[in-house]
Amino acid sequence: MLAKRIIPCLDIKNGQVVKGVNFVGLVDIGDPVEIAKRYDEQCADEVVFLDITATHENRDIIKDLIERAASELSIPLTVGGGIRTIDDFRMILSSGADKVSVNSAAIKNPQLIKEASDEFGVQCVVVAIDAKKREDESGYDVYIAGGRINTGIDLIDWAKQCEQLGAGEILLTSMDKDGTRDGFDIDMLNAVLEVVSIPVIASGGCGGIDSIVDVFKQTNCDAALAASLFHYGEATIDEVKKECYQNNIPVRRNI
């Protein structure tokens with residue numbers, strides 16, 4: 001069995017890592033590269049930079065951060081936020097990132113997934129999906145624009161389409177669980193895992209080490225993504241992996 005991955009996510013605004021609730025009350029907590037290096041030393045499997053204020057003007061900032069991170073990190077770097085065109089993919093990958101995460105733009109132009117995977121390889125293309133259970137509980141809808149717009153697209157249909165178009169991974173965030181810190185959305189994850197064969201990263205709802213152990217025990221997801229757990233110093237990645245190991249979950253550990 002492949003080792004499960006633990007992935008810290010860093011929200012970046014104007015070149016600094018920020019934390020807050022639903023992008024409100026954001027507080028600078030430091031330099032992304034320095035924070036990512038700390039997670040690298042703790043044996044994180046990857047790190048995600050999410051540019052939450054991605055605009056044309058900010059592209060030079062994120063380009064500089066990617067170049068610095070690529071020169072100092074030993075683990076893969078995924079970059080997302082404001083990805084709209086194949087040129088955005090090209091700039092981010094040429095700056096040293098290993099993967100690009102695309103969300104809203106893929107909904108608006110699904111062929112972007114195919115174009116990117118054809119040009120750069122499926123391993124570079126991560127499709128981030130934000131989804132929420134319908135009020136009638138008949139399934140899940142996909143949302144865009146930071147969760148503000150319901151596309152009306154069915155999650156299961158979209159996940160299957162992403163794989164067919166050439167996505168290498170799906171980063172699946174439960175809007176129902178996000179910010180609640182009471183555990184990942186097991187039902188939603190399993191619903192997607194039943195219909196795709198590409199790796200799925202669990203996101204939204206991590207409240208502690210137990211949340212990560214539970215998601216690996218109760219689903220076949222390939223990775224768990226968390227932010228506050230690590231940023232607030234509630235647990236180190238080493239501590240998470242030790243607990244996973246003790247629960248017979250395969251993980252890559254520092255020796």
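At 9% relative accessibility, Asp45 counts as buried (buried means under 20% relative accessible area, exposed over 50%, partly exposed in between, with a 1.4 Å probe and protein chains only). The model on your screen is predicted, so local features need pLDDT of at least 70 and side-chain atom pairs count only at pLDDT 80 or more, while totals for chains, interfaces and linings use all residues. Residues are numbered from 1 along each chain as its sequence is written, and side-chain values use heavy atoms, with hydrogens and water left out.

**Stop 1: Asp45.** Select Asp45 in the loop between helix H1 (32-41) and strand E4 (47-51). Helices (H or I, at least four residues) and strands (E, at least two) are DSSP runs, numbered from the N terminus. Now show the side chain of Arg252: the side chain of Asp45 makes a polar contact with it at 3.2 Å. A polar contact is a pair of N or O atoms within 3.5 Å; within protein, one must be able to donate a hydrogen and the other to accept it, and residues adjacent in sequence count only if both atoms are side-chain atoms. A polar atom of the Asp45 side chain also lies 2.8 Å from the backbone nitrogen of Ile6.

**Stop 2: Thr173.** Move on to strand E10 (residues 169-174), where you will find Thr173. Is Thr173 buried or exposed? Thr173 is buried, at 13% relative accessibility. Its side chain makes a polar contact with the side chain of Ser203, at 3.0 Å.

**Stop 3: Arg148.** Next, pick Arg148 in the loop between strand E8 (140-144) and strand E9 (149-154). Arg148 is exposed, with a relative accessible area of 67%. Look for the backbone oxygen of Ala145, 3.2 Å from a polar atom of the Arg148 side chain.

**Stop 4: H2 and H3.** Select helix H2 (residues 59-72) together with helix H3 (residues 86-94): they pack at an angle of about 35°, with their axes 9 Å apart. Axes are lines fitted to C-alpha atoms, for helices over the stretch in contact, and angles run from 0 to 180 degrees between N-to-C directions. Show Arg59, Ile62, Lys63 and Ile66 in H2, which meet Asp88, Met91 and Ile92 in H3 (contact means heavy atoms within 4.5 Å).

**Stop 5: H8.** Finish with helix H8 (residues 209-218), in which Ser211, Ile212, Val213, Val215 and Phe216 are buried. What covers these buried residues includes strand E1 (5-13), helix H7 (186-193) and helix H10 (237-246).
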